[in-house]
There are 6 protein chains.
Amino acid sequence: DFLHALDEVKPAFGTDDSELEDVLPFGIIEYSKGISHILKDGMLYVKTVKEQPNLRVMSVLLHGPRSSGKTALAAKIAQLSDFPFIKLITPASLVGYRDELAKKDYLHKLFTDAYKSPLSLLVIDNIERLIDWVPVGARFSGSILNTLVTLLQTPPPKGHRLLILATTSQRSVLEQLDVTTAFDNQIPVPAIQDLGELGAVLAQVGAFDGNYRRIIEDIQQTTRSSDVNVGIKTILTTLETAKLSESPEDWFVEQISGQIARYPSV
Amino acid sequence: DFLHALDEVKPAFGTDDSELEDVLPFGIIEYSKGISHILKDGMLYVKTVKEQPNLRVMSVLLHGPRSSGKTALAAKIAQLSDFPFIKLITPASLVGYRDELAKKDYLHKLFTDAYKSPLSLLVIDNIERLIDWVPVGARFSGSILNTLVTLLQTPPPKGHRLLILATTSQRSVLEQLDVTTAFDNQIPVPAIQDLGELGAVLAQVGAFDGNYRRIIEDIQQTTRSSDVNVGIKTILTTLETAKLSESPEDWFVEQISGQIARYPSV
Amino acid sequence: DFLHALDEVKPAFGTDDSELEDVLPFGIIEYSKGISHILKDGMLYVKTVKEQPNLRVMSVLLHGPRSSGKTALAAKIAQLSDFPFIKLITPASLVGYRDELAKKDYLHKLFTDAYKSPLSLLVIDNIERLIDWVPVGARFSGSILNTLVTLLQTPPPKGHRLLILATTSQRSVLEQLDVTTAFDNQIPVPAIQDLGELGAVLAQVGAFDGNYRRIIEDIQQTTRSSDVNVGIKTILTTLETAKLSESPEDWFVEQISGQIARYPSV
Amino acid sequence: DFLHALDEVKPAFGTDDSELEDVLPFGIIEYSKGISHILKDGMLYVKTVKEQPNLRVMSVLLHGPRSSGKTALAAKIAQLSDFPFIKLITPASLVGYRDELAKKDYLHKLFTDAYKSPLSLLVIDNIERLIDWVPVGARFSGSILNTLVTLLQTPPPKGHRLLILATTSQRSVLEQLDVTTAFDNQIPVPAIQDLGELGAVLAQVGAFDGNYRRIIEDIQQTTRSSDVNVGIKTILTTLETAKLSESPEDWFVEQISGQIARYPSV
Amino acid sequence: DFLHALDEVKPAFGTDDSELEDVLPFGIIEYSKGISHILKDGMLYVKTVKEQPNLRVMSVLLHGPRSSGKTALAAKIAQLSDFPFIKLITPASLVGYRDELAKKDYLHKLFTDAYKSPLSLLVIDNIERLIDWVPVGARFSGSILNTLVTLLQTPPPKGHRLLILATTSQRSVLEQLDVTTAFDNQIPVPAIQDLGELGAVLAQVGAFDGNYRRIIEDIQQTTRSSDVNVGIKTILTTLETAKLSESPEDWFVEQISGQIARYPSV
Amino acid sequence: DFLHALDEVKPAFGTDDSELEDVLPFGIIEYSKGISHILKDGMLYVKTVKEQPNLRVMSVLLHGPRSSGKTALAAKIAQLSDFPFIKLITPASLVGYRDELAKKDYLHKLFTDAYKSPLSLLVIDNIERLIDWVPVGARFSGSILNTLVTLLQTPPPKGHRLLILATTSQRSVLEQLDVTTAFDNQIPVPAIQDLGELGAVLAQVGAFDGNYRRIIEDIQQTTRSSDVNVGIKTILTTLETAKLSESPEDWFVEQISGQIARYPSV
Ligand SMILES: Nc1ncnc2c1ncn2[C@@H]1O[C@H](COP(=O)(O)OP(=O)(O)OP(=O)(O)O)[C@@H](O)[C@H]1O
Ligand SMILES: Nc1ncnc2c1ncn2[C@@H]1O[C@H](COP(=O)(O)OP(=O)(O)OP(=O)(O)O)[C@@H](O)[C@H]1O
Ligand SMILES: Nc1ncnc2c1ncn2[C@@H]1O[C@H](COP(=O)(O)OP(=O)(O)OP(=O)(O)O)[C@@H](O)[C@H]1O
Ligand SMILES: Nc1ncnc2c1ncn2[C@@H]1O[C@H](COP(=O)(O)OP(=O)(O)OP(=O)(O)O)[C@@H](O)[C@H]1O
Ligand SMILES: Nc1ncnc2c1ncn2[C@@H]1O[C@H](COP(=O)(O)OP(=O)(O)OP(=O)(O)O)[C@@H](O)[C@H]1O
Ligand SMILES: Nc1ncnc2c1ncn2[C@@H]1O[C@H](COP(=O)(O)OP(=O)(O)OP(=O)(O)O)[C@@H](O)[C@H]1O
Ligand SMILES: [Mg+2]
Ligand SMILES: [Mg+2]
Ligand SMILES: [Mg+2]
Ligand SMILES: [Mg+2]
Ligand SMILES: [Mg+2]
Ligand SMILES: [Mg+2]
């Protein structure tokens with residue numbers, strides 16, 4: 001398939017590669033056809049930036065519910081891009097800076113570094129947290145927001161190209177903030193949608209020694225539905241704790257059924 | 001029972017232990033089965049962090065009404081964890097710092113210290129007060145909130161693990177602030193629910209020279225209900241003042257009945 | 001009675017005593033049984049802090065309408081407590097500090113001083129003004145509020161005890177600010193309630209050469225009610241001006257009747 | 001009458017006297033009995049502060065519509081008080097200070113100076129402007145407001161006395177700001193109420209060579225009412241411009257009638 | 001007429017005169033009787049300040065719709081006043097100062113300079129922009145507003161006089177801000193009201209080689225009304241561009257008709 | 001046609017020319033008669049500033065939907081103006097400055113530079129982003145807004161002229177902020193309106209080897225309308241990505257139809 005085909009041409013990277021590996025602890029599991037479509041679309045934008053001289057900057061927004069795998073997929077596209085300069089910007093990278101000014105300077109410096117390379121790719125992870133969004137009082141850092149929005153649209157100097165991949169689990173917030181219009185393209189990243197996809201995940205990771213079918217049935221009985229709407233990250237981390245509990249299967253079924261009940265699909 | 005079984009394996013601790021002892025002046029009284037369930041759940045998360053390499057950070061929120069024993073239970077789990085680095089962060093630890101910046105730096109430093117140990121446990125006590133929440137005008141320190149939320153989700157460097165236990169008596173506030181979604185797990189800590197549990201407390205602490213049954217009856221007659229919904233801390237401190245009053249039994253019944261009337265269970 | 005009995009054991013004090021005397025220009029007049037109840041309750045909390053080792057800090061809120069005698073009563077309890085460290089914190093003690101930071105530092109320093117004594121008592125007078133509360137726009141100093149609330153609940157180091165007596169004439173404001181829940185106990189201080197109590201005051205201070213009965217009747221006729229709801233402070237200061245006016249009795253009746261009309265009891 | 005009787009005992013003053021004279025360019029005209037009542041009340045408070053040792057501080061608020069003579073009357077009482085320390089604080093005295101902090105310091109310094117004299121009187125003119133009140137958005141300087149309110153209630157050291165006379169034309173604003181309760185007493189200063197009082201003013205200043213009766217009639221015809229509700233200051237300054245116009249009587253009638261129409265009495 | 005009569009006595013001025021000339025690029029055209037009334041009123045206030053010793057400061061507000069000639073008329077009155085100190089304060093004079101504090105200092109300095117001259121006149125142009133008024137969120141510089149309002153009412157030292165002429169096109173905003181009450185007098189400056197007045201303007205400037213009658217008719221036909229409600233400044237600048245267009249008459253009719261349609265008279 | 005005629009007289013420029021070229025990567029395509037009208041209007045204002053001495057400053061606002069070509073057209077007019085001083089101010093030029101003060105200084109400096117040349121032209125691009133407008137909470141930089149509005153209306157010194165071309169895609173926001181009234185003239189820049197204009201674009205750029213007619217038909221069938229309402233910039237950049245996709249025609253039709261559906265014309 002597309003994903004595995006691409007994996008074979010994955011180049012050796014420099015220092016930043018471990019950074020990307022860090023956000024892919026469980027790799028990319030191809031539990032539905034949507035996964036390779038996302039990667040394919042990402043690679044088309046990589047190619048456009050590489051080859052069309054009139055477009056010096058392009059920005060793409062990956063959006064979807066919490067835990068759906070946005071950060072991992074952006075990192076995967078970055079790994080596959082083969083660009084000489086790749087950098088991941090996360091809320092954690094800003095947390096050590098003392099105030100908005102220092103954070104703004106850091107972002108500005110980062111883009112300036114990117115401009116020096118002929119081909120650069122920046123992953124801007126979790127925009128709503130980068131701008132310190134808090135729904136109470138609709139608070140956010142206006143100065144970081146404005147810096148980001150302006151930098152998203154600023155082309156690097158002649159002879160240089162920049163691709164920006166950003167992620168968010170709060171697209172409607174970004175729309176209210178008028179940030180989405182600053183992106184050239186958008187890619188939706190859905191959660192695991194139904195028990196079929198969940199089964200595919202459990203099968204591929206070899207959970208419960210392969211006896212996952214009973215689990216799927218138990219969840220169906222508990223939730224009386226085949227909808228799931230839980231992110232891949234939640235599934236995989238719940239599995240880790242489940243393994244250590246007294247009764248792994250029951251714990252997993254209980255936790256995931258609880259998640260499904262709490263956040264029903266719409 | 002589970003709690004006492006665990007107590008026997010309680011390890012000797014270093015400097016931070018007196019800090020934990022300080023918030024356990026009355027120890028942990030097992031007045032209902034819920035208490036050992038809370039400790040058991042806590043220990044499962046301790047184990048997951050210790051043993052699953054793919055999860056470098058995990059965060060758990062203990063929430064419940066005022067005085068229900070959240071801080072004491074988090075401290076108990078920390079004592080039982082046997083982790084080499086344990087630290088308790090309370091509103092009082094921040095009060096001496098002059099401004100938000102200094103407080104943010106302190107928090108950042110504390111997490112950085114934790115990252116140095118292979119296994120660390122941080123108790124973040126009373127989140128709503130750490131972020132200086134005031135309901136009038138929905139005021140709070142956005143910068144401390146954002147620092148905490150980001151640090152909750154930031155993994156320590158490779159080879160290091162971190163478990164975060166946080167407490168709050170204002171879960172609905174944290175939900176509005178979109179903080180609860182940053183936690184991997186939650187543990188509810190209820191107040192003393194009925195006169196049966198209250199009797200168990202009085203029995204175990206040997207209050208009123210064991211003649212607590214009359215007290216329970218008096219409260220039932222005064223409040224015309226067997227509901228209690230008062231936190232264990234309030235019960236125990238009221239007992240202390242009652243002992244010194246001219247008529248300890250009457251004073252205790254009067255005070256506790258007043259509490260029950262003021263905050264009815266829902 | 002209780003009050004006079006206690007007065008006899010009043011100890012000799014150090015430097016801070018004149019501070020307390022200053023807010024008691026007219027002493028404590030026992031115009032109703034409620035007065036000695038308030039002092040008795042206060043002394044029970046004094047005793048609890050002195051004698052129960054598990055409670056290192058305790059806080060009590062005296063609340064009531066303007067001029068009802070809150071500050072004087074808190075000062076009286078402090079005088080009677082016989083604690084080696086007593087300090088009165090008023091809005092005037094903060095007014096000379098330049099900004100919120102300096103005020104916060106002053107408060108912090110004051111509590112730190114208190115922690116050094118084995119037994120300390122702090123009177124925090126007029127909380128709503130200490131936090132610069134203004135009803136228009138619900139403005140207040142969040143940082144002073146948060147400092148106070150945290151300090152109210154912070155125990156001194158082992159072997160040290162602290163009793164905090166605070167006063168307010170805006171309890172409903174403090175409730176909105178979620179401050180009242182930070183107190184362990186509350187004591188209501190009512191205004192002078194009816195003409196009987198007013199007569200008791202006039203009798204005890206020997207006003208109008210003892211001919212106060214006509215005054216009471218005149219006020220009753222003017223207001224057509226025996227309700228009063230005016231604070232003891234207003235009564236005593238109005239008396240002082242009245243004495244100098246051309247017709248003292250008439251002036252007093254006119255002023256007090258005006259007060260009664262303006263703020264009817266509810 | 002009372003006013004003239006007092007004038008004869010007017011003492012010789014020091015440096016501050018010209019300051020007081022400056023706000024009395026037209027002196028005090030006794031156009032109604034209310035004027036001497038105001039001065040009499042003011043002098044009773046002067047006497048109380050002078051002679052009653054238990055009251056170290058007393059504050060009085062003069063309030064009334066714009067131009068009604070509040071500043072002039074406060075200055076007159078100050079002149080008549082014979083106190084060794086008198087100071088007038090106006091918005092203009094604060095305008096040169098750079099920020100709220102400097103203004104706060106100035107006020108604090110001023111009160112501290114007053115505390116040094118055994119008997120002091122401060123006129124705090126136009127409180128709403130001193131606190132920079134703007135109705136749009138209900139803006140004001142919270143820190144100046146809080147400084148003033150606290151200082152109003154802070155007694156000078158033992159052996160010292162302080163009388164504070166404040167003025168405002170926005171009493172309802174001060175009530176919303178909870179400032180009025182900080183005053184011990186209030187004195188209303190009404191505008192000129194009817195054409196009778198207006199005639200008395202014109203007569204006493206010898207306007208229009210004594211032919212003021214036609215003016216009164218013209219105004220009555222124009223406004224079809226004998227109500228006036230215009231401040232004494234507006235009357236006197238309009239007279240000054242009128243004198244220089246081509247047709248003084250017509251100009252005066254036109255302007256004053258316009259004023260009456262614009263702000264009808266309620 | 002009055003205006004021309006005055007022009008003949010126009011004195012030679014010093015440095016500030018070019019400043020005044022600059023805001024009068026097209027001079028003052030007397031297109032209606034209202035114009036000389038405005039100048040006459042202005043000169044009466046000039047005379048009052050010059051000759052009445054009891055009034056050391058007087059302030060006048062010229063208000064009217066955008067482009068109606070307020071600045072030009074205030075400058076004309078200033079030119080005609082023959083005062084030794086005249087200064088024009090515009091938003092542009094403040095734009096170079098870095099913050100509110102620097103602007104406040106500049107204003108304070110300017111008034112202090114004015115106080116040094118025995119007779120001074122200040123033109124404060126476009127108050128709403130001087131205070132940085134923005135309707136969204138009702139934002140403005142409170143500190144500049146308060147400085148201006150206080151300075152408007154502060155008399156210079158004895159022996160000195162000050163006349164202040166201010167302009168605004170947002171009188172209703174100033175009324176909400178409670179600024180208008182700080183002025184002693186007000187002068188309305190209307191826009192060009194009908195086609196008769198417009199014709200007078202075109203005639204006096206010799207536009208379209210005197211063939212302006214066809215223009216008036218064309219506008220009447222286009223707008224189907226003889227109302228105009230467009231400011232003199234708009235008329236005169238539109239004429240300048242029209243002259244350079246391919247078809248001056250058509251362009252002028254089109255533009256002015258558009259203006260009339262956009263802002264109909266009420 | 002007008003555009004091409006003008007192009008021939010395009011002068012050789014200095015350093016700033018590449019700046020202008022940069023925002024014209026695809027040049028100006030004359031896909032409708034409106035394009036040359038916009039350029040003609042622009043040139044009339046250029047001429048007025050050049051030749052009419054009474055108008056030292058003139059400002060024009062180009063407004064229209066996103067991507068409609070506003071920046072490119074303003075740059076084109078600037079290129080054609082033949083002015084010795086031309087400068088383009090974009091959000092990106094401000095992003096490196098640390099705070100509002102530095103940005104304000106930069107703007108002030110820029111205008112001051114412009115004032116030194118006898119004839120200057122400033123392009124102020126994307127006003128809403130220059131003032132950091134965010135719709136949530138209607139946030140913006142008041143100080144940059146006020147600086148811009150004042151500078152728009154400030155004439156350069158005698159003998160100097162300034163033309164300001166500004167662009168915005170948020171005219172209604174600017175109207176709420178009362179900015180539009182500060183402009184002397186406005187030029188609307190519409191999006192591509194119908195499939196006829198879209199066809200003209202595709203024809204002129206030689207897209208799809210000239211076989212664009214099928215594309216137009218496909219879009220018509222997909223959207224069931226001949227309306228377009230998509231900006232020229234979106235059309236041209238989508239073409240660039242389409243060229244690299246597996247099936248260029250389908251991709252282009254899909255993307256543009258999506259755009260048309262998302263933002264229907266009104
Ligand atoms: N098909 C997949 N797509 C994305 N992630 C996958 C996939 N298969 C496995 N994973 C793993 O799932 C996890 C996805 O977590 P990730 O942090 O990317 O989610 P997220 O949507 O960014 O979460 P958040 O909303 O918290 O930012 C990663 O550990 C990744 O290795
Ligand atoms: N089963 C129990 N669970 C918790 N605390 C207990 C228990 N039994 C006894 N205690 C004692 O009760 C007190 C609980 O107080 P704690 O401060 O933990 O309550 P809290 O819920 O954190 O209060 P707050 O809402 O004020 O933060 C401690 O003194 C602890 O020693
Ligand atoms: N029984 C009493 N209780 C309290 N105060 C009394 C009593 N008898 C006499 N006093 C005198 O009454 C005055 C009470 O004033 P105090 O300042 O305490 O009132 P307060 O309620 O604190 O007023 P405020 O609301 O302004 O803070 C003091 O001067 C005190 O000496
Ligand atoms: N009976 C009077 N009472 C007050 N002022 C009088 C009286 N007779 C004459 N005056 C003169 O009237 C003027 C009153 O002006 P003053 O500034 O005191 O009014 P104000 O109410 O303070 O005005 P504002 O509301 O503007 O502060 C003074 O010039 C004073 O000399
Ligand atoms: N009768 C007149 N009154 C005022 N201005 C006139 C008159 N006749 C000609 N003018 C000219 O008209 C212009 C008026 O512009 P001015 O700037 O004074 O208007 P404005 O009302 O202050 O505008 P804005 O509302 O923008 O501040 C000046 O150039 C002035 O020379
Ligand atoms: N007739 C035209 N008008 C404008 N731009 C054109 C035209 N023909 C081709 N173009 C090209 O279209 C693009 C227009 O983009 P431009 O940045 O000017 O749009 P914009 O309206 O400023 O967008 P934004 O709303 O993002 O600021 C430029 O690349 C320009 O070279
Ligand atoms: Mg993510
Ligand atoms: Mg707790
Ligand atoms: Mg008090
Ligand atoms: Mg006054
Ligand atoms: Mg003007
Ligand atoms: Mg643009």
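Visitor: How much area do chain C and chain B bury between them?

Guide: This is a predicted model, in which local features need pLDDT of at least 70 and side-chain atom pairs count only at pLDDT 80 or more, while totals for chains, interfaces and linings use all residues. Residues are numbered from 1 along each chain as its sequence is written, chains are lettered from A and ligands numbered from 1 in the order in which they are written, and side-chain values use heavy atoms, with hydrogens and water left out. Buried area is the accessible area (1.4 Å probe) that two parts lose on being put together, summed over both. For chain C and chain B, 54% of it is on carbon and sulfur atoms, and the total is about 2,700 Å².

Visitor: Good start! How many residues of chain B are in contact with chain C?

Guide: Contact means heavy atoms within 4.5 Å. Chain C brings 32 residues to this interface, and the number from chain B is 28.

Visitor: Which residue of chain B meets C:Asp105 in a salt bridge?

Guide: A salt bridge needs a side-chain nitrogen of Lys or Arg within 4 Å of a carboxyl oxygen of Asp or Glu. Chain C and chain B have 3 of them between them. In the one that involves the side chain of C:Asp105, with 2.2 Å from N to O, the partner is B:Arg98.

Visitor: And which element gives the largest share of the side of chain C that touches chain B?

Guide: Across this interface there are 10 residue pairs in polar contact, both residues at pLDDT 80 or more. Two or more residues of the chain C side come from each of α3 (33-51), α6 (100-116) and α8 (142-153). With 8 residues, the largest share belongs to α8(C). Helices here are DSSP runs of H or I, at least four residues long, numbered from the N terminus, and the element you asked for is α8(C).

Visitor: Let's turn to chain F and chain A. How much area do chain F and chain A bury between them?

Guide: Here 27 residues of chain F are in contact with 32 residues of chain A. Carbon and sulfur atoms carry 54% of the buried area, which comes to about 2,700 Å².

Visitor: Which residue of chain F forms a salt bridge with A:Lys158?

Guide: Chain F and chain A share 3 salt bridges. In the one made by A:Lys158, the closest N and O atoms are 3.7 Å apart, and the partner is F:Asp22.

Visitor: How many charged residues are on the side of chain F that touches chain A?

Guide: The interface has 9 residue pairs in polar contact, with both residues at pLDDT 80 or more. On the chain F side, α5 (91-95) and α12 (232-244) each give two or more residues, and α12(F) has the largest share with 5 residues. By class, that side has 12 nonpolar residues, 5 polar ones and, for charged residues, 10.

Visitor: How far apart are the closest C-alpha atoms of chain A and chain E?

Guide: Some chains do not touch, and chain D and chain F are one such pair, with nearest C-alpha atoms 16 Å apart. No contact joins chain A and chain E either, and their closest C-alpha atoms are separated by 15 Å.

Visitor: Now for the ligands! What percentage of the area of ligand 5 does the protein bury?

Guide: Ligand 5 is surrounded by 19 residues (a heavy atom within 4 Å), with E:Ile29, E:Gly69, E:Lys70, E:Thr71 and E:Ala72 the closest. A nitrogen atom of ligand 5 lies 2.7 Å from a backbone N or O atom of E:Ile29, while an oxygen atom of the ligand is 3.0 Å from a polar backbone atom of E:Ser68. The side chain of E:Thr71 also places an N or O atom 2.7 Å from an oxygen atom of ligand 5. Taken alone, ligand 5 exposes 630 Å² (Shrake-Rupley method, 1.4 Å probe), and the part buried by the protein is 94%.

Visitor: Which element gives the most to the shell around ligand 5?

Guide: At least two residues of this shell come from each of α4 (70-81) and α12 (232-244) of chain E. The top contribution is 4 residues, and the element is α4(E).

Visitor: Last one: how many nonpolar residues are in the shell around ligand 2?

Guide: The shell of ligand 2 holds 19 residues, among them B:Gly27 and B:Lys233, and α4(B) gives the most, 4 residues. A backbone N or O atom of B:Gly27 is 2.7 Å from an oxygen atom of the ligand. Ala, Val, Leu, Ile, Met, Phe, Trp, Tyr, Cys and Pro count as nonpolar, Asp, Glu, Lys and Arg as charged, and the others, Gly among them, as polar. By those classes the shell has 3 charged residues, 5 polar ones and, for nonpolar residues, 11.

Notes. A polar contact is a pair of N or O atoms within 3.5 Å; within protein, one must be able to donate a hydrogen and the other to accept it, and residues adjacent in sequence count only if both atoms are side-chain atoms.
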